[in-house]
Amino acid sequence: MQDFDLFVIGAGSGGVRCARIAAQNGARVAIAERRHWGGTCVNLGCVPKKLMVYAADYGREIADAPSYGWDVAPVAHDWSTLISAKDREIERLNRIYVSMLEKAGVTLFTGDARFVDAHTVEIGPSELAPDTSVQRVRAKNIVIATGSTPTRLNIPGAEHAIVSDDAFHLADRPERVAVIGSGYIGLEFAGIFAGLGSKVDLVFRQSHPLRGFDNELRAHLSELLPLNGIKAHPGRSPERIEKVGEIFRLHLEGGEIIETDCVFMATGRHPNLAPLKLDNAGVATWDGRIPAKPDDATTNVPGIYAIGDVTDTYNLTPTAIAEGHILAERLFGEPGREWSFATTPKAVFFSQPLATVGLSEEDAVQSHDVDIYTSSFTPMRQTLSGRKGKTLMKLVVDAKSQIVLGAHMIGPDAPEIIQGLAIAITAKLTKRDFDRTIGLHPTSAEEFVTMRSLTRHVPRKAG
(Lines give C-alpha, C1' and ligand atoms only; values in the text may rest on other atoms or scores of the structure.)
Protein backbone atom coordinates (compact mmCIF):
# COMPACT_ATOMS: atom_id res chain seq x y z
CA MET A 1 0.00 0.00 0.00
CA GLN A 2 1.40 3.39 -1.05
CA ASP A 3 1.61 6.20 1.48
CA PHE A 4 1.24 9.93 0.68
CA ASP A 5 1.26 13.25 2.49
CA LEU A 6 -1.75 14.36 0.46
CA PHE A 7 -4.32 12.45 -1.55
CA VAL A 8 -6.77 14.44 -3.69
CA ILE A 9 -10.02 12.89 -4.89
CA GLY A 10 -11.07 14.64 -8.07
CA ALA A 11 -8.91 16.23 -10.78
CA GLY A 12 -11.02 19.27 -11.52
CA SER A 13 -9.76 22.84 -11.31
CA GLY A 14 -9.58 22.96 -7.50
CA GLY A 15 -8.16 19.48 -7.03
CA VAL A 16 -5.46 19.92 -9.68
CA ARG A 17 -4.33 23.26 -8.23
CA CYS A 18 -4.22 21.85 -4.71
CA ALA A 19 -2.22 18.79 -5.78
CA ARG A 20 0.20 20.76 -7.93
CA ILE A 21 0.97 23.45 -5.34
CA ALA A 22 1.40 20.84 -2.59
CA ALA A 23 3.82 18.83 -4.75
CA GLN A 24 5.79 21.94 -5.64
CA ASN A 25 6.22 22.51 -1.91
CA GLY A 26 7.78 19.09 -1.45
CA ALA A 27 4.79 16.98 -0.40
CA ARG A 28 4.26 13.43 -1.63
CA VAL A 29 1.00 13.87 -3.52
CA ALA A 30 -1.40 11.63 -5.43
CA ILE A 31 -4.65 12.40 -7.19
CA ALA A 32 -7.49 10.20 -8.45
CA GLU A 33 -9.92 11.00 -11.26
CA ARG A 34 -12.83 8.82 -12.29
CA ARG A 35 -13.96 10.42 -15.53
CA HIS A 36 -12.33 13.60 -16.88
CA TRP A 37 -8.91 15.11 -16.23
CA GLY A 38 -9.57 18.80 -15.77
CA GLY A 39 -13.02 18.22 -14.27
CA THR A 40 -16.39 19.65 -15.22
CA CYS A 41 -15.15 23.09 -16.25
CA VAL A 42 -12.77 21.79 -18.89
CA ASN A 43 -14.86 18.89 -20.15
CA LEU A 44 -18.56 19.54 -19.53
CA GLY A 45 -18.77 23.15 -18.42
CA CYS A 46 -17.08 26.51 -18.85
CA VAL A 47 -14.69 25.73 -21.68
CA PRO A 48 -16.87 23.80 -24.16
CA LYS A 49 -19.82 26.06 -23.27
CA LYS A 50 -17.81 29.17 -24.14
CA LEU A 51 -16.71 27.64 -27.46
CA MET A 52 -20.37 27.04 -28.31
CA VAL A 53 -21.23 30.60 -27.29
CA TYR A 54 -18.58 31.81 -29.74
CA ALA A 55 -20.20 29.68 -32.46
CA ALA A 56 -23.55 31.37 -31.85
CA ASP A 57 -21.88 34.80 -31.78
CA TYR A 58 -20.40 34.24 -35.24
CA GLY A 59 -23.89 33.67 -36.61
CA ARG A 60 -25.06 37.05 -35.32
CA GLU A 61 -21.93 38.76 -36.66
CA ILE A 62 -22.44 37.22 -40.09
CA ALA A 63 -26.06 38.42 -40.06
CA ASP A 64 -24.93 41.95 -39.19
CA ALA A 65 -21.97 42.02 -41.60
CA PRO A 66 -23.87 43.40 -44.67
CA SER A 67 -24.67 46.59 -42.75
CA TYR A 68 -20.92 47.17 -42.59
CA GLY A 69 -20.41 46.59 -46.32
CA TRP A 70 -19.62 42.88 -46.35
CA ASP A 71 -21.24 40.93 -49.19
CA VAL A 72 -22.00 37.74 -47.27
CA ALA A 73 -23.89 34.91 -48.95
CA PRO A 74 -26.44 33.02 -46.85
CA VAL A 75 -24.68 30.40 -44.73
CA ALA A 76 -25.75 27.42 -42.64
CA HIS A 77 -24.21 26.17 -39.45
CA ASP A 78 -22.71 22.66 -39.34
CA TRP A 79 -23.25 21.24 -35.85
CA SER A 80 -21.01 18.21 -36.36
CA THR A 81 -18.05 20.44 -37.33
CA LEU A 82 -18.48 22.45 -34.13
CA ILE A 83 -18.73 19.36 -31.91
CA SER A 84 -15.70 17.72 -33.54
CA ALA A 85 -13.60 20.87 -33.14
CA LYS A 86 -14.76 21.24 -29.54
CA ASP A 87 -13.82 17.63 -28.79
CA ARG A 88 -10.32 18.08 -30.21
CA GLU A 89 -9.74 21.12 -28.02
CA ILE A 90 -10.98 19.33 -24.91
CA GLU A 91 -8.68 16.37 -25.62
CA ARG A 92 -5.77 18.80 -25.91
CA LEU A 93 -6.63 20.39 -22.58
CA ASN A 94 -6.96 16.95 -20.94
CA ARG A 95 -3.39 16.17 -21.97
CA ILE A 96 -2.19 19.51 -20.60
CA TYR A 97 -3.73 18.82 -17.19
CA VAL A 98 -2.15 15.38 -17.02
CA SER A 99 1.20 16.81 -18.10
CA MET A 100 1.06 19.59 -15.47
CA LEU A 101 0.46 17.08 -12.70
CA GLU A 102 3.16 14.70 -13.88
CA LYS A 103 5.72 17.50 -14.21
CA ALA A 104 4.93 18.57 -10.64
CA GLY A 105 5.66 15.02 -9.44
CA VAL A 106 2.06 14.06 -8.60
CA THR A 107 1.16 10.36 -8.77
CA LEU A 108 -1.94 9.81 -10.91
CA PHE A 109 -4.68 7.22 -10.35
CA THR A 110 -7.54 6.69 -12.78
CA GLY A 111 -10.66 5.19 -11.23
CA ASP A 112 -13.41 5.56 -8.64
CA ALA A 113 -12.04 6.59 -5.26
CA ARG A 114 -13.90 5.82 -2.02
CA PHE A 115 -13.05 5.99 1.65
CA VAL A 116 -12.14 2.86 3.58
CA ASP A 117 -11.46 4.88 6.71
CA ALA A 118 -10.34 8.43 7.55
CA HIS A 119 -6.85 7.88 6.13
CA THR A 120 -7.33 5.09 3.61
CA VAL A 121 -8.75 5.38 0.09
CA GLU A 122 -9.60 2.59 -2.32
CA ILE A 123 -9.46 3.20 -6.08
CA GLY A 124 -11.43 0.86 -8.33
CA PRO A 125 -12.75 0.60 -11.89
CA SER A 126 -14.53 3.63 -13.36
CA GLU A 127 -16.11 4.81 -16.59
CA LEU A 128 -12.73 6.08 -17.78
CA ALA A 129 -10.82 2.99 -16.63
CA PRO A 130 -13.17 -0.02 -16.51
CA ASP A 131 -10.29 -2.49 -16.27
CA THR A 132 -8.54 -0.82 -13.34
CA SER A 133 -7.53 -3.21 -10.59
CA VAL A 134 -8.47 -2.23 -7.05
CA GLN A 135 -5.72 -0.37 -5.20
CA ARG A 136 -5.50 1.10 -1.71
CA VAL A 137 -3.50 4.10 -0.55
CA ARG A 138 -3.01 5.84 2.77
CA ALA A 139 -2.58 9.56 3.30
CA LYS A 140 -2.17 11.90 6.23
CA ASN A 141 -4.31 14.49 4.45
CA ILE A 142 -7.18 13.83 2.04
CA VAL A 143 -8.96 16.45 -0.07
CA ILE A 144 -12.45 15.91 -1.45
CA ALA A 145 -12.73 17.81 -4.73
CA THR A 146 -15.22 15.76 -6.73
CA GLY A 147 -17.31 18.69 -7.95
CA SER A 148 -21.00 18.55 -8.79
CA THR A 149 -23.37 16.78 -11.15
CA PRO A 150 -26.61 17.87 -12.88
CA THR A 151 -29.87 17.60 -10.97
CA ARG A 152 -32.96 16.20 -12.68
CA LEU A 153 -36.48 17.17 -11.69
CA ASN A 154 -38.50 14.38 -10.15
CA ILE A 155 -41.44 14.51 -12.56
CA PRO A 156 -43.05 11.84 -14.75
CA GLY A 157 -41.09 11.40 -17.96
CA ALA A 158 -37.90 12.96 -16.58
CA GLU A 159 -35.91 10.19 -18.27
CA HIS A 160 -36.79 11.72 -21.64
CA ALA A 161 -34.90 14.95 -20.87
CA ILE A 162 -31.23 15.69 -21.38
CA VAL A 163 -28.97 17.58 -18.96
CA SER A 164 -25.97 19.77 -19.66
CA ASP A 165 -23.57 16.81 -19.77
CA ASP A 166 -25.57 15.41 -22.69
CA ALA A 167 -25.86 18.70 -24.59
CA PHE A 168 -22.15 18.70 -25.42
CA HIS A 169 -22.43 15.39 -27.25
CA LEU A 170 -25.70 15.62 -29.20
CA ALA A 171 -25.33 14.03 -32.63
CA ASP A 172 -27.50 16.73 -34.20
CA ARG A 173 -28.78 20.13 -33.17
CA PRO A 174 -32.49 19.85 -32.34
CA GLU A 175 -34.68 22.20 -34.32
CA ARG A 176 -36.85 22.84 -31.24
CA VAL A 177 -35.56 22.92 -27.67
CA ALA A 178 -37.49 23.44 -24.44
CA VAL A 179 -35.13 24.52 -21.68
CA ILE A 180 -36.32 24.11 -18.09
CA GLY A 181 -34.54 26.48 -15.70
CA SER A 182 -33.12 29.98 -16.08
CA GLY A 183 -29.92 29.91 -14.07
CA TYR A 184 -26.46 30.14 -15.64
CA ILE A 185 -26.76 26.89 -17.58
CA GLY A 186 -30.33 27.29 -18.78
CA LEU A 187 -29.87 30.84 -19.98
CA GLU A 188 -26.53 30.19 -21.67
CA PHE A 189 -27.75 27.13 -23.56
CA ALA A 190 -30.98 28.89 -24.53
CA GLY A 191 -28.81 31.57 -26.14
CA ILE A 192 -26.55 28.99 -27.79
CA PHE A 193 -29.36 26.97 -29.36
CA ALA A 194 -31.30 30.07 -30.44
CA GLY A 195 -28.14 31.60 -31.89
CA LEU A 196 -27.48 28.48 -33.95
CA GLY A 197 -31.00 28.44 -35.35
CA SER A 198 -33.16 26.39 -32.98
CA LYS A 199 -36.60 27.46 -31.81
CA VAL A 200 -36.21 27.81 -28.03
CA ASP A 201 -38.76 27.86 -25.21
CA LEU A 202 -37.44 28.83 -21.77
CA VAL A 203 -39.51 27.67 -18.78
CA PHE A 204 -38.82 29.01 -15.28
CA ARG A 205 -40.67 29.45 -12.00
CA GLN A 206 -39.58 33.00 -11.18
CA SER A 207 -40.95 36.18 -12.76
CA HIS A 208 -37.51 36.90 -14.23
CA PRO A 209 -34.49 34.69 -15.06
CA LEU A 210 -31.28 34.43 -13.02
CA ARG A 211 -32.55 34.28 -9.46
CA GLY A 212 -29.99 35.77 -7.08
CA PHE A 213 -28.72 38.47 -9.43
CA ASP A 214 -29.60 42.17 -9.22
CA ASN A 215 -33.32 42.54 -9.92
CA GLU A 216 -32.89 45.48 -12.29
CA LEU A 217 -30.58 43.42 -14.49
CA ARG A 218 -32.96 40.47 -14.33
CA ALA A 219 -35.84 42.62 -15.56
CA HIS A 220 -33.68 43.99 -18.37
CA LEU A 221 -32.69 40.44 -19.29
CA SER A 222 -36.36 39.47 -19.59
CA GLU A 223 -36.75 42.19 -22.24
CA LEU A 224 -33.83 40.76 -24.20
CA LEU A 225 -35.12 37.18 -24.39
CA PRO A 226 -37.61 37.67 -27.27
CA LEU A 227 -35.06 39.82 -29.13
CA ASN A 228 -32.84 36.74 -29.20
CA GLY A 229 -35.52 34.39 -30.51
CA ILE A 230 -36.36 32.87 -27.11
CA LYS A 231 -39.95 32.43 -25.97
CA ALA A 232 -40.11 32.82 -22.21
CA HIS A 233 -42.60 31.04 -19.95
CA PRO A 234 -42.08 32.81 -16.59
CA GLY A 235 -43.82 31.71 -13.43
CA ARG A 236 -44.45 28.23 -14.78
CA SER A 237 -43.40 24.81 -13.53
CA PRO A 238 -43.18 21.61 -15.61
CA GLU A 239 -45.50 18.79 -14.59
CA ARG A 240 -44.55 15.93 -16.90
CA ILE A 241 -42.80 15.01 -20.15
CA GLU A 242 -44.59 12.84 -22.68
CA LYS A 243 -42.88 11.11 -25.60
CA VAL A 244 -45.03 10.84 -28.73
CA GLY A 245 -43.16 9.19 -31.56
CA GLU A 246 -40.05 11.27 -32.21
CA ILE A 247 -41.29 14.39 -30.43
CA PHE A 248 -41.83 15.34 -26.80
CA ARG A 249 -44.65 17.17 -25.11
CA LEU A 250 -43.71 19.21 -22.08
CA HIS A 251 -46.78 19.74 -19.92
CA LEU A 252 -46.73 22.89 -17.77
CA GLU A 253 -48.91 23.74 -14.81
CA GLY A 254 -52.03 25.48 -16.00
CA GLY A 255 -52.45 23.15 -18.96
CA GLU A 256 -50.00 24.64 -21.48
CA ILE A 257 -48.18 22.09 -23.64
CA ILE A 258 -44.92 22.72 -25.48
CA GLU A 259 -44.14 20.39 -28.39
CA THR A 260 -40.43 20.06 -28.91
CA ASP A 261 -37.63 17.86 -30.25
CA CYS A 262 -35.59 18.09 -27.05
CA VAL A 263 -36.31 18.81 -23.40
CA PHE A 264 -33.24 20.20 -21.63
CA MET A 265 -33.28 20.18 -17.81
CA ALA A 266 -31.07 23.00 -16.56
CA THR A 267 -32.38 22.62 -13.03
CA GLY A 268 -29.26 23.06 -10.99
CA ARG A 269 -26.40 20.86 -9.84
CA HIS A 270 -25.64 19.05 -6.59
CA PRO A 271 -22.38 17.91 -4.94
CA ASN A 272 -21.06 14.68 -6.37
CA LEU A 273 -20.61 12.77 -3.11
CA ALA A 274 -22.51 9.51 -3.57
CA PRO A 275 -19.57 7.36 -4.78
CA LEU A 276 -17.23 8.38 -1.94
CA LYS A 277 -18.69 6.37 0.97
CA LEU A 278 -18.14 9.29 3.34
CA ASP A 279 -19.66 7.36 6.24
CA ASN A 280 -16.60 5.10 6.31
CA ALA A 281 -14.51 8.14 7.21
CA GLY A 282 -17.13 9.81 9.42
CA VAL A 283 -17.37 12.92 7.24
CA ALA A 284 -20.51 14.90 8.04
CA THR A 285 -22.76 16.41 5.39
CA TRP A 286 -25.57 18.92 5.59
CA ASP A 287 -28.34 19.21 3.01
CA GLY A 288 -26.33 17.16 0.53
CA ARG A 289 -23.06 19.08 0.82
CA ILE A 290 -19.95 19.15 2.99
CA PRO A 291 -19.99 22.26 5.19
CA ALA A 292 -16.53 23.81 4.80
CA LYS A 293 -15.45 27.44 4.55
CA PRO A 294 -13.59 28.54 1.38
CA ASP A 295 -10.59 29.95 3.28
CA ASP A 296 -10.36 26.96 5.63
CA ALA A 297 -11.66 23.83 3.84
CA THR A 298 -11.75 21.77 7.06
CA THR A 299 -14.44 19.16 7.63
CA ASN A 300 -15.49 17.61 10.94
CA VAL A 301 -12.75 14.97 10.53
CA PRO A 302 -9.15 16.12 11.16
CA GLY A 303 -7.04 15.68 8.05
CA ILE A 304 -9.97 15.55 5.63
CA TYR A 305 -10.75 18.69 3.63
CA ALA A 306 -13.35 19.76 1.07
CA ILE A 307 -13.02 22.33 -1.71
CA GLY A 308 -15.01 23.45 -4.72
CA ASP A 309 -18.55 22.47 -5.61
CA VAL A 310 -18.84 19.75 -2.97
CA THR A 311 -19.18 22.57 -0.42
CA ASP A 312 -21.91 24.20 -2.56
CA THR A 313 -20.76 27.70 -1.62
CA TYR A 314 -19.66 29.48 -4.80
CA ASN A 315 -19.74 26.78 -7.50
CA LEU A 316 -17.25 28.68 -9.65
CA THR A 317 -13.97 27.50 -11.17
CA PRO A 318 -11.82 30.43 -9.94
CA THR A 319 -13.04 30.07 -6.34
CA ALA A 320 -12.29 26.33 -6.38
CA ILE A 321 -8.78 27.10 -7.66
CA ALA A 322 -8.28 29.67 -4.90
CA GLU A 323 -9.52 27.25 -2.24
CA GLY A 324 -7.14 24.54 -3.46
CA HIS A 325 -4.20 26.93 -3.56
CA ILE A 326 -4.87 28.30 -0.08
CA LEU A 327 -5.17 24.82 1.40
CA ALA A 328 -1.99 23.49 -0.24
CA GLU A 329 0.05 26.43 1.00
CA ARG A 330 -1.41 26.20 4.49
CA LEU A 331 -0.57 22.51 4.76
CA PHE A 332 2.82 22.39 3.04
CA GLY A 333 4.09 25.85 2.19
CA GLU A 334 4.31 29.43 3.32
CA PRO A 335 0.85 31.00 3.26
CA GLY A 336 1.40 34.17 1.28
CA ARG A 337 -1.63 34.75 -0.90
CA GLU A 338 -5.15 35.72 -0.01
CA TRP A 339 -8.30 35.98 -2.09
CA SER A 340 -11.32 38.21 -1.66
CA PHE A 341 -14.14 35.69 -1.98
CA ALA A 342 -16.74 38.33 -1.09
CA THR A 343 -15.97 40.24 -4.31
CA THR A 344 -15.86 37.24 -6.62
CA PRO A 345 -17.01 38.42 -10.08
CA LYS A 346 -19.61 36.36 -11.92
CA ALA A 347 -20.53 36.17 -15.59
CA VAL A 348 -23.37 34.63 -17.57
CA PHE A 349 -22.44 34.14 -21.21
CA PHE A 350 -25.83 34.80 -22.76
CA SER A 351 -26.22 36.34 -26.24
CA GLN A 352 -25.83 39.67 -24.45
CA PRO A 353 -23.49 38.60 -21.65
CA LEU A 354 -24.16 39.63 -18.08
CA ALA A 355 -21.50 40.19 -15.45
CA THR A 356 -21.50 41.42 -11.88
CA VAL A 357 -19.21 41.97 -8.92
CA GLY A 358 -19.98 42.97 -5.34
CA LEU A 359 -23.41 43.61 -3.87
CA SER A 360 -26.69 43.79 -5.72
CA GLU A 361 -29.02 46.65 -4.83
CA GLU A 362 -31.25 44.23 -2.91
CA ASP A 363 -28.34 42.92 -0.82
CA ALA A 364 -26.77 46.33 -0.28
CA VAL A 365 -29.87 47.92 1.24
CA GLN A 366 -29.89 45.28 3.98
CA SER A 367 -27.04 47.18 5.66
CA HIS A 368 -26.46 50.45 3.76
CA ASP A 369 -28.16 53.58 2.54
CA VAL A 370 -27.27 53.40 -1.15
CA ASP A 371 -26.96 55.66 -4.16
CA ILE A 372 -27.77 54.01 -7.47
CA TYR A 373 -26.24 55.09 -10.79
CA THR A 374 -27.43 53.55 -14.05
CA SER A 375 -26.85 53.98 -17.76
CA SER A 376 -28.74 52.36 -20.63
CA PHE A 377 -27.74 52.82 -24.27
CA THR A 378 -27.46 51.16 -27.67
CA PRO A 379 -23.89 49.84 -28.16
CA MET A 380 -22.04 51.43 -31.07
CA ARG A 381 -21.62 48.03 -32.72
CA GLN A 382 -25.40 47.85 -33.19
CA THR A 383 -25.96 51.35 -34.61
CA LEU A 384 -25.38 50.43 -38.27
CA SER A 385 -26.95 46.98 -38.13
CA GLY A 386 -30.01 48.15 -36.22
CA ARG A 387 -29.82 45.09 -33.96
CA LYS A 388 -32.13 45.57 -30.99
CA GLY A 389 -31.16 45.28 -27.33
CA LYS A 390 -29.65 47.93 -25.10
CA THR A 391 -26.69 47.68 -22.76
CA LEU A 392 -27.42 48.34 -19.07
CA MET A 393 -24.77 49.39 -16.53
CA LYS A 394 -25.24 49.94 -12.83
CA LEU A 395 -23.20 51.07 -9.82
CA VAL A 396 -24.33 50.49 -6.23
CA VAL A 397 -22.66 53.03 -3.92
CA ASP A 398 -22.69 53.37 -0.13
CA ALA A 399 -24.34 56.76 0.39
CA LYS A 400 -22.24 57.68 3.44
CA SER A 401 -18.71 56.60 2.52
CA GLN A 402 -19.25 56.68 -1.27
CA ILE A 403 -17.46 53.32 -1.54
CA VAL A 404 -18.65 51.46 -4.63
CA LEU A 405 -20.27 48.29 -3.31
CA GLY A 406 -21.26 46.66 -6.59
CA ALA A 407 -20.94 46.97 -10.36
CA HIS A 408 -23.33 45.28 -12.77
CA MET A 409 -23.59 45.13 -16.56
CA ILE A 410 -25.44 43.37 -19.33
CA GLY A 411 -24.26 43.92 -22.88
CA PRO A 412 -21.30 43.24 -25.20
CA ASP A 413 -17.96 42.70 -23.42
CA ALA A 414 -19.57 42.79 -19.97
CA PRO A 415 -17.39 39.96 -18.52
CA GLU A 416 -14.16 41.59 -19.73
CA ILE A 417 -15.18 44.98 -18.33
CA ILE A 418 -16.41 43.68 -14.97
CA GLN A 419 -13.19 41.70 -14.44
CA GLY A 420 -11.33 45.03 -14.44
CA LEU A 421 -13.87 46.66 -12.15
CA ALA A 422 -13.57 43.73 -9.74
CA ILE A 423 -10.16 45.11 -8.78
CA ALA A 424 -11.73 48.47 -7.94
CA ILE A 425 -14.54 46.88 -5.90
CA THR A 426 -12.09 44.65 -4.03
CA ALA A 427 -9.91 47.69 -3.30
CA LYS A 428 -12.97 49.56 -1.96
CA LEU A 429 -12.54 52.51 -4.29
CA THR A 430 -15.08 55.32 -4.09
CA LYS A 431 -17.40 56.88 -6.60
CA ARG A 432 -15.03 59.85 -6.59
CA ASP A 433 -12.23 57.53 -7.75
CA PHE A 434 -14.44 56.42 -10.62
CA ASP A 435 -15.38 60.03 -11.43
CA ARG A 436 -11.76 61.25 -11.57
CA THR A 437 -10.76 58.43 -13.92
CA ILE A 438 -10.62 59.53 -17.56
CA GLY A 439 -12.63 57.35 -19.90
CA LEU A 440 -11.29 55.35 -22.82
CA HIS A 441 -13.20 56.58 -25.87
CA PRO A 442 -15.11 55.27 -27.74
CA THR A 443 -15.91 52.27 -25.56
CA SER A 444 -18.84 51.01 -23.56
CA ALA A 445 -16.55 50.71 -20.54
CA GLU A 446 -16.13 54.48 -20.29
CA GLU A 447 -19.75 54.75 -19.15
CA PHE A 448 -18.68 53.39 -15.76
CA VAL A 449 -16.53 56.49 -15.18
CA THR A 450 -18.90 59.04 -16.72
CA MET A 451 -22.08 58.26 -14.76
CA ARG A 452 -22.47 61.54 -12.90
CA SER A 453 -26.23 61.86 -12.36
CA LEU A 454 -27.71 60.01 -9.41
CA THR A 455 -30.49 57.70 -10.61
CA ARG A 456 -32.00 57.23 -7.16
CA HIS A 457 -31.21 57.11 -3.45
CA VAL A 458 -32.45 54.04 -1.59
CA PRO A 459 -32.49 54.05 2.24
CA ARG A 460 -31.41 51.05 4.24
CA LYS A 461 -34.20 48.57 4.88
CA ALA A 462 -35.70 48.87 8.33
CA GLY A 463 -35.01 45.97 10.66
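A word on the ground rules. The model is predicted, so local features need pLDDT of at least 70 and side-chain atom pairs count only at pLDDT 80 or more, while totals for chains, interfaces and linings use all residues. Residues are numbered from 1 along each chain as its sequence is written, and side-chain values use heavy atoms, with hydrogens and water left out. When I say helix or strand, I mean DSSP runs numbered from the N terminus: H or I with at least four residues for helices, E with at least two for strands.

Four strands form an open sheet in the order 10-9-8-14, with parallel pairing; two strands count as paired if DSSP finds at least two bridges between them. Strand 10 and strand 14 (262–265) are the edge strands, each pairing on one side only. From one strand to the next, the twist averages 20 degrees. Angles here run from 0 to 180 degrees between N-to-C directions, and axes are lines fitted to C-alpha atoms, for helices over the stretch in contact.

Inside that sheet, strand 8 (residues 176–180) and strand 9 are joined by five bridges, and Val177 has Val200 in strand 9 as its bridge partner. Strand 9 (residues 199–204) also has five bridges to strand 10 (residues 230–234), where Phe204 stands opposite Pro234. Follow the chain from strand 9 through helix 7 (residues 215–224) to strand 10 and you have a right-handed β-α-β unit; right-handed means that, with the strands pointing away from the viewer, the path from the first strand over the helix to the second runs clockwise. Helix 6 (residues 184–195) lies across strands 8, 9, 10 and 14, at about 165 degrees to strand 9.

Six strands make an open sheet in the order 17-18-21-20-19-22. Strand 17 (346–348) and strand 22 (456–458) each have a single partner strand, so one side of each is left without a neighbour in the sheet. Direction ignored, neighbouring strands are turned by 15 degrees against each other on average. Strand 17 pairs with strand 18 (residues 354–358) over three bridges, and Ala347 stands opposite Ala355 in strand 18.

On to helix packing. The axes of helix 1 (residues 13–24) and helix 8 (residues 317–332) come within 7 Å and cross at roughly 25 degrees. These two helices are therefore roughly parallel to each other, a label for angles under 35 degrees.

Helix 3 (residues 46–64) and helix 4 (residues 79–103) pack at about 145 degrees, with axes 10 Å apart. Their contact includes Leu51 and Met52 from helix 3, and Ile83 and Ile90 from helix 4.

Most residues other than glycine have a negative phi, and most peptide bonds are trans. So which peptide bond is cis, with omega near -10 degrees? That would be the one from His441 to Pro442, and Pro442 lies in the loop between helix 12 (431–435) and strand 22. Asp413 has a positive phi of about 70 degrees and sits in the loop between strand 21 (404–410) and helix 11 (414–426). Lys428 has phi near 60 degrees, in the loop between helix 11 and helix 12.

Definitions and conventions. Parallel < 35°, antiparallel > 145°, perpendicular 65-115°, else oblique. Contact = heavy atoms within 4.5 Å.
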